[in-house]
Structure formats: C-alpha cells, structure tokens
Amino acid sequence: MRVQYSDMFKKYYSSCETTVKQGNSSVTFNYDETRGAFFEIGNATINYTLTPAQAQGGNSKVISKSISHTFVAQTCHTLQFKVTNVGGVNKLTITLDDTTIQEVEIDDIYLNDDQYMPSEGEGGDNQ
C-alpha cells in the first residue's frame with residue numbers, strides 16, 4: 001500500500017497522518033511519506049486525520065475517518081488525497097484504489113506561505 005498527496009492538497013492541509021492496522025501490527029504514514037508498506041492478504045482498518053492549514057470558518061475542522069479495506073494479492077493499493085478546483089469550487093477528494101471514500105467541498109481559503117518573512121522596507125520590526 002502507498003499514500004499519495006496532490007500538491008494543492010499540501011497547500012490546504014498542514015498535516016495528514018494515516019495508520020493502517022492489520023491484526024496486531026500497524027504502519028503509520030506521515031504527511032510527506034513516499035515509502036510503501038506490505039500487508040498480508042485480508043482485512044485491515046485505515047484511519048486518517050487531516051489538519052487544515054490556515055483554514056477559515058467552517059474549514060477549520062480536523063477531518064478524521066476510519067474505514068475497512070480488504071487487501072488482495074499482487075495489488076498495490078493506493079490511498080490518494082487530492083484537492084482540485086473545478087468550476088471555481090474547491091473540493092477535497094479521498095480515494096482508495098479509484099473508489100471515492102470521501103468528498104468535501106472547501107470554501108475559499110486564503111493561502112499564503114507560512115514561512116513568509118517581510119523583506120527590509122516592507123514593514124515589521126526589522127527596519
């Protein structure tokens with residue numbers, strides 16, 4: 001199994017933690033994880049928690065969900081987190097193996113770079 005995040009998703013969510021539990025073992029995928037993990041054939045529980053970045057209004061809620069999934073042989077299961085803008089509507093879509101698990105419409109959110117520091121002469125206390 002692997003977990004993928006769209007570039008736009010990373011602008012809207014400051015963190016995402018996904019934990020896959022199967023029997024007595026579990027694997028946690030952190031936000032910028034690129035590795036995959038091997039699981040036995042059979043049932044597993046997938047928990048994910050998304051923390052919004054600079055969200056406003058109703059978008060400031062943490063999204064958390066638990067789903068059941070059956071792993072099958074010789075298959076790379078992929079959990080994808082995507083934010084897209086179609087027709088002026090921002091939408092979070094979470095899919096597992098091309099099946100939509102959750103869709104959330106996202107209102108307009110002001111996005112900026114958390115690392116922004118004003119340069120000399122732009123204000124702030126560094127004059």
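**View 1. Asp-98 is exposed in the loop between two strands of a predicted model.** Asp-98 has a relative accessible area of 75% and therefore counts as exposed, where exposed means over 50% relative accessible area, buried under 20% and partly exposed in between, with a 1.4 Å probe and protein chains only. The loop that holds Asp-98 lies between β7 and β8, and the phi of Asp-98 is near 70°, a positive value in a residue other than glycine. Asp-97 is found in the loop between β7 (89-96) and β8 (99-106), has a positive phi of about 55° although it is not a glycine, and at 28% relative accessibility counts as partly exposed. Residues are numbered from 1 along each chain as its sequence is written. This is a predicted model, in which local features need pLDDT of at least 70 and side-chain atom pairs count only at pLDDT 80 or more, while totals for chains, interfaces and linings use all residues; side-chain values use heavy atoms, with hydrogens and water left out.

View 2. Strand β6, to which Lys-82 belongs, covers residues 78-86, and strands here are DSSP runs of E with at least two residues, whereas helices are runs of H or I with at least four, both numbered from the N terminus. With a relative accessible area of 37%, Lys-82 is partly exposed. Setting aside residues up to four places away in sequence, Lys-82 touches Ser-6, Phe-9, Lys-91, Leu-92 and Thr-93, a contact being heavy atoms within 4.5 Å. The C-alpha atoms of Lys-82 and Tyr-5 are separated by 6.1 Å, although the two residues are 77 residues apart along the chain.

**View 3. Ile-106 is buried in strand β8.** Strand β8 is the place of Ile-106, and the relative accessible area of Ile-106 is 5%, so this residue is buried. Ile-106 and Val-83 are 8.8 Å apart in space, C-alpha to C-alpha, and 23 residues apart in sequence.

**View 4. Two cysteines are shown in a structure with zero disulfides.** Cys-16 is buried, with a relative accessible area of 2%, whereas Cys-76 is partly exposed, with a relative accessible area of 49%. A search of the whole structure finds zero disulfides, a disulfide being a pair of cysteine sulfur atoms within 2.5 Å.

**View 5. The largest pocket is shown with its lining residues.** The largest pocket has a volume of about 180 Å³, this volume being the space filled by probe spheres set on grid points that are joined across faces, edges and corners. The lining consists of 13 residues, of which Met-1, Ala-37, Phe-38, Phe-39 and Thr-75 lie nearest the centre of the pocket. On a 1 Å grid over the protein atoms alone, a pocket is an open set of points where a 1.4 Å probe fits, with protein on both sides within 12 Å along at least five of seven lines, and lining residues have an atom within 4 Å of a point. By class, the lining has nine nonpolar, three polar and one charged residues, where Ala, Val, Leu, Ile, Met, Phe, Trp, Tyr, Cys and Pro count as nonpolar, Asp, Glu, Lys and Arg as charged, and the others, Gly among them, as polar.

**View 6. The protein is shown whole, as context for the close-ups.** Of the 127 residues, 37% count as buried.
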